[in-house]
Structures are given as structure tokens and as C-alpha cells.
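Hi,

Here is the structure I promised to pass on.

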Amino acid sequence: MTSTSATSTTRHKAIFYMVLLTIQFGCQPLLTHKYTSPKICRSSVLFVQEALKLCLAILMLFSTGDFSNATRHWTVLSWVQVAFVPAALYTLQNSLALLAYQNLDGVTFNVLNQTKTLSAALCCYWLMNKKQSRVQILSLLLLLLSALVLERIVSLDVLCFYLSGGMLGQRVGVSGVNGSGGGGATTSSSGSATTTITDMALPTKHFTHGVAPVLGASFLSGLAGAISQKNLQSSKSGSAGRNPYLFSAELCVASLVVLSLSFIWSDDGKQMTSQGFFYEWTPMTMIPILTNAMGGIVVGLVTKYAGSVRKGFALIFGMLLTGILQSILVVGQGAPSMSKEQIIGGILAAVSLWLHATHPFVEKATAPTIQEVARGRTRKETKKDQ
């Protein structure tokens, strides 16, 4: 009876935290884009965000009653070894992500941000020789395809034509540069239909201040996560079994140190000196900072009570929520509606995330060697004689 009650409580907690993660993940791009000024000093936002995360991590550490056990063997050296390199990477990642938040719509950001799954897989394999199953490899390629479709690098007409079994050399043509207009036009034809995609060209700022930063942030996220995982699992670092809330607090302190040092020579530091720390801040700026800080804690709780697979489902529903909110709220203010590329790219990313979460790599059992079989027989015969 007690076991059933405990299982039911755990299930209810898992559902509750998954709903919170879905809401936070779905709303975060829209909140940041709306309430964070493009002229704001990004380092000031990151500093306040890390300080708030630190307070939440310490609060959770005390509320769980694990503070004394978690800090029993803590040393400054182990903190430096475990936290400083990931903290520097996470600081740069957060800065790039904030820049991308300010210049991309919510759907585009969340879909491109899922490429961190690809970078995490590559970095874990590179640093820890952590392998992927065949289905997971396929899902990573599908994830890459979703990003290419979203940014119109791969045309939907060409993609549909391939899926229909056509031959590219026979049916798809590319025109040259139009001398009168000064621009190129890429066309694809299937049967008698011809589609011109010149009008889909995106401004340079969309790539330099949106796409490139979010892809860079995703790569740094995967690299920092792999380094953190390797450090936490390494007995040399003295960090085996490290409390996740303690590790979060350590990362926050290290990030605050890195940010403080960067103020000395960075452009953000000069901006804060001349214009003030809270330049372009409003009371509403705290909303995305607070939700982002709480999101980090919720991710840990979802992983604990629901597992990484169900966490993936929460992120899928979060992407769906972003699309719905963007269609209702942003489009109602005169912005363009969701494009076909955003819809197809979001679907491909969701399918990729589901495949990667539900088909983990399983190590094949190896057959025992002749020596191992012989040793086993010897033990059995010894036991019989006794």
C-alpha cells in the first residue's frame, strides 16, 4: 500500500514538473523577445540571471536537507576543476542565446536550439566515447535536416520531390543571375509547376545576429554538458556523486566570477561604465530572467522524477506551445504568420527528439571467452567438492 502511494506521488510530481517545463520552454523565447531590449547590456542580464539561479539552487539544497552531506567533502580545488571550464562555456552560450532570442521568432529559436542534441551527442562521443544507436544517428540527421528546412537552405519543393521518388537531375533546374534585378533566382520544378524562391531570401542580420548565435550556443551547450558529465563521473576530480543542486550553485558562482572578470576588458563592461548597469532595463525585464532561472531548476526535477525520455516529450510539447502562442499573440500584432518551413521544421525536430529519446544505445552482451568458461567450471567443481 505504501509502495503504491509513493509511486502515485512520484507520478503526480513527474506530470506536474513536465507541465511546468512545457510552459517555461514554450514561453521563454516570446518573453525574452518581448521584454528584453536589443540595446540592453547582455552581461548585466546574465549576471542577474546567474545570481538568481544561485539563490534558487541554494534554496533547493537547503529545502531537501542535503546541504551537510553535499558539502562534506567539498574543496575549492574540486570546485575549480569541475565548474570553471563549463561555467565559461555556459556564460558565452547564454550570451549568444540572448542575442538570438532578441532577433529570432520563438518557433525558429526553439527548433534551431534543438541542434544542441546533435552537438551533445558528438561531444559525448568525442570526450567519453559514448555511442549512439542507429536510430539515434538517424534522428540526429533528421534534426539537421529540420534546421536546413527552417532556414530555407533545403527547399520544401526539392524535399518533397525527393520524397516522391523523382530524380533531381531530370526535374530541378537552377537559374543564373538576373541581370536586370541584380539578384539570383533559384527555381525547382515538379511536372508543370515552377516555384521561385527569390522572395525567401533573408536579411544578413537574421543570420549574423540570430541563426549563427543560436547554433553557436547549441554547440557550446553540448560541449559544456559533455565536459560537466565527464568531470562529474571522474574519480580524479573528487566529484563522484556530486549533488546536482550543489553543482548548479558551483556553476553559478564560477559564471559570476567569469562575468565579473570580463567586465574589465569587454564592450559590455565599457557600456555599463558609461551608461549604467541597468541601462534599458524595465521592471518587466525580470520576467524572462526569472522564468529562465526557474527553468534550470525545473529541468533537474523533471529529469529526477520523469527521466530524460519524458523530458524530451515535454520539450516537444513546448515547441508546439511556442507555435500556438506565436500564432495567437504575435500574429495578432501584425507580424507574419508561421511559414510552411517553420511548421515542417518543427515537426521534423519533434520527431527527431522523440526518436532520439526512445531508442537509446544498448551495449551488446559479449560471449564469454574460453578462459572465463573454464574458470566458471572450476568454481562449480570446487563448490561441489566442498
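Lys53 and Glu50 are both buried, and their side chains form a salt bridge, with 3.8 Å from N to O. A search through the whole structure turns up one salt bridge, so this pair is worth a look, bearing in mind that the model is predicted and side-chain atom pairs count only at pLDDT 80 or more. Both residues belong to helix α2 (residues 42-63), and because they are three residues apart there, about one helical turn separates them. In general, an α-helix has 3.6 residues a turn, so residues three or four places apart point the same way. Side chains of opposite charge can pair when their charged atoms come close.

Now the overall picture. The protein has 386 residues, 39% of them buried, and its secondary structure consists of 16 helices and three strands. Among contacts with a separation of 6 or more, 82% are between residues 24 or more positions apart. The accessible surface is about 21800 Å², and carbon and sulfur atoms account for 65% of that.

On to the inside. The largest nonpolar core has 35 residues, and the members touching the most others are Leu104, Phe109, Leu112 and Val302. Helix α1 (residues 2-35) is the top contributor to this core, giving five residues. There is also a second, separate core of eight residues, including Leu89, Cys123, Ala224 and Ala226. Going back to Leu104, and not counting residues up to four places away in sequence, its contacts are His33, Phe109, Leu112, His206, Gly210, Val211 and Val214.

Helix α6 (residues 116-128) runs 17 Å from first C-alpha to last over its 13 residues, close to the 18 Å expected at 1.5 Å a residue. Just after α6 comes Asn129, with a positive phi of about 55 degrees.

If you are checking backbone angles, Glu280 goes on the list too: it is not a glycine, yet its phi is positive, at about 70 degrees. Glu280 sits in the loop between α12 and α13 (286-305), and counts as partly exposed because its relative accessibility is 32%.

Helix α11 (residues 244-262) is another one to click on. Buried residues in α11 include Tyr245, Leu246, Phe247, Leu251, Leu256 and Leu259. What makes up the nonpolar surface patch of about 500 Å²? The residues are Val253, Val257, Leu261, Ile264 and Trp265. Of these, Ile264 lies in the loop between α11 and α12 (267-275), and with a relative accessibility of 66% Ile264 counts as exposed.

Last one: Leu156, in helix α8 (residues 156-163). Leu156 has a relative accessible area of 12%, so it is buried. Which residues does Leu156 contact, leaving aside neighbours within four places in sequence? They are Val149, Lys340, Glu341 and Ile344. Leu156 and Ile344 are 188 residues apart in sequence, while their C-alpha atoms are 8.6 Å apart in space.

Cheers

Technical notes:
Residues are numbered from 1 along each chain as its sequence is written. Side-chain values use heavy atoms; hydrogens and water are left out. A salt bridge is a side-chain nitrogen of Lys or Arg within 4 Å of a carboxyl oxygen of Asp or Glu. Helices (H or I, at least four residues) and strands (E, at least two) are DSSP runs, numbered from the N terminus. Buried means under 20% relative accessible area, exposed over 50%, partly exposed in between (1.4 Å probe, protein chains only). Contact means heavy atoms within 4.5 Å. Accessible areas come from the Shrake-Rupley method with a 1.4 Å probe; for residues, only the protein chains shown count as cover. Patches are made of residues with over 30% relative accessible area and no salt bridge: like charges are joined within 9 Å, nonpolar side chains (Val, Leu, Ile, Met, Phe, Trp, Tyr) within 5 Å. A nonpolar core is a set of buried Ala, Val, Leu, Ile, Met, Phe, Trp, Tyr and Cys residues joined through side-chain atoms within 4.5 Å. The expected span of a helix is 1.5 Å times one less than its number of residues.
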